[in-house]
Amino acid sequence: MNSMNKILSTVILLGFILLCGCNTQPSPIRSGELWPDNNGEHINAHGGGVMYHDGTYYWFGENKCDTTSSAMVGVMCYSSQNLTDWKNEGVALAVEDNDSSDITRGCILERPKVVYNAKTGKFVMWMHIDSYNYSKAATGVAVSDSPTGGFKYLHSLRPYGEESRDMTLFKDGDGKAYHVYSAKGNSTLYIHLLSDDYLEHTETYKAVFPGKFREAPAIFKRQDKYYMITSGCSGWDPNEAEYAIADSMLGEWTAMGNPCVGENADRTFGGQSTHVITVDPENDKYIAMFDKWNKLDLINSRYIWLPVQFHSADSITIEWKDEWSLNDL
Ligand code: DGJ
């Protein structure tokens, strides 16, 4: 190879390395915009949550149809290595064509959340199961050997006879998992310790904020502090979020006010909380997930993902960003 050729191949190699480097830049997150999956279709995983398992993120959420708020398909699962490019893994839990089933096509199936149980090796899904007029107020449980499903539906129940509507799951560092749900006509939130296999409630629970009417709970932990973001109760319409902090899941929760700041903060930027993703707790990297419901065309609801900003152990804020990337966390 003469020296001209050597220079040329070095330039081409450098260009290639540079291009590859550019490709590893995270894609932008644009809250409120369409979010295409690997098929170019807007992600259909509403009221959902993200579980991290073995190097992959799994986003579970409600499959919404345009004409009805009822579940016509079931719970969707998407997977991603980088939190921005999502592959449609299909229906993780399908509704059933059986009128006597709790998850019959057309039922209300909302806010599915999945956690992995290291003791049983099972993925466990809990969700809000209801009748068309929300009077059933129950919770449903399903299990799977694989994160993408198919999940097997086990049962629905009211925890110790108590109503259960909007909900989330939280798995703590010690392996204990909690079901957090709106009860007593949505007036009170319950934090309920689950059995070791995560399939049932134990007798240990805590009722928080009686009479405050909070729903859409999302829980995360930073250092030794627990944080809970909730919404008020106004159907599909946005309202003001609130966050609370505690030193233990079943301890005293203290309301801290609205975490959202800036324009439209009193309406949660048009969204409603659903989950907080713990990306890198050592470096305070957390993403708050909200649903921006489109109540007349629910499939066209959008997602709002924003960084949680920490100011001290008891002070967080969330501010609107038209566009940001994981590098900004
Ligand atoms: C508010 C809840 O947070 C949603 O999950 C859904 O149940 C709507 N209400 C229905 O109006």
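Trainee: How many nonpolar, polar and charged residues are in the shell around the ligand?

Mentor: The shell has 4 charged, 2 polar and 2 nonpolar residues. Gly counts as polar here, and Trp and Tyr as nonpolar. This is a predicted model: local features need pLDDT of at least 70, side-chain atom pairs pLDDT 80 or more, while totals for chains, interfaces and linings use all residues. Numbering runs from 1 along each chain as its sequence is written, and side-chain values use heavy atoms, without hydrogens or water.

Trainee: Which residues are around the ligand?

Mentor: Glu 110, Arg 111, Tyr 134, Asp 166, Glu 215, Gly 235, Trp 236 and Gln 272.

Trainee: What about polar side-chain atoms and ligand oxygen atoms?

Mentor: Glu 110 places a polar side-chain atom 2.5 Å from a ligand oxygen. For Arg 111 that distance is 2.9 Å. A polar contact is a pair of N or O atoms within 3.5 Å.

Trainee: And which residue has a polar backbone atom 3.4 Å from a ligand nitrogen?

Mentor: Gly 235. The protein buries 89% of the 290 Å² that the ligand exposes when taken alone. Areas are Shrake-Rupley, with a 1.4 Å probe.

Trainee: New topic. How many aromatic pairs are there?

Mentor: The structure holds 19. Ring centres must lie within 6.5 Å; planes under 30 degrees apart are stacked, over 60 edge-to-face, the rest tilted. Trp 59 and Trp 86 are an edge-to-face pair, at 5.2 Å and 75°.

Trainee: Where do Trp 59 and Trp 86 lie?

Mentor: Trp 59 is in strand S2 (residues 56-62), and Trp 86 is in the loop between strands S3 (74-80) and S4 (87-94), so the pair ties together parts 27 residues apart in sequence. Strands are DSSP runs of E, at least two residues.

Trainee: Backbone now. Which residues does a cis peptide bond join?

Mentor: Gly 149 and Gly 150, with omega about -5°. Gly 150 sits in the loop between strands S7 (138-144) and S8 (152-157).

Note on methods
Near = heavy atom within 4 Å. Polar contact = N/O pair within 3.5 Å; in protein donor to acceptor, adjacent residues only side chain to side chain. Phe/Tyr/Trp six-rings, centres within 6.5 Å; stacked < 30°, edge-to-face > 60°. Helix = DSSP H or I, 4+ residues; strand = E, 2+ residues; numbered from the N terminus.
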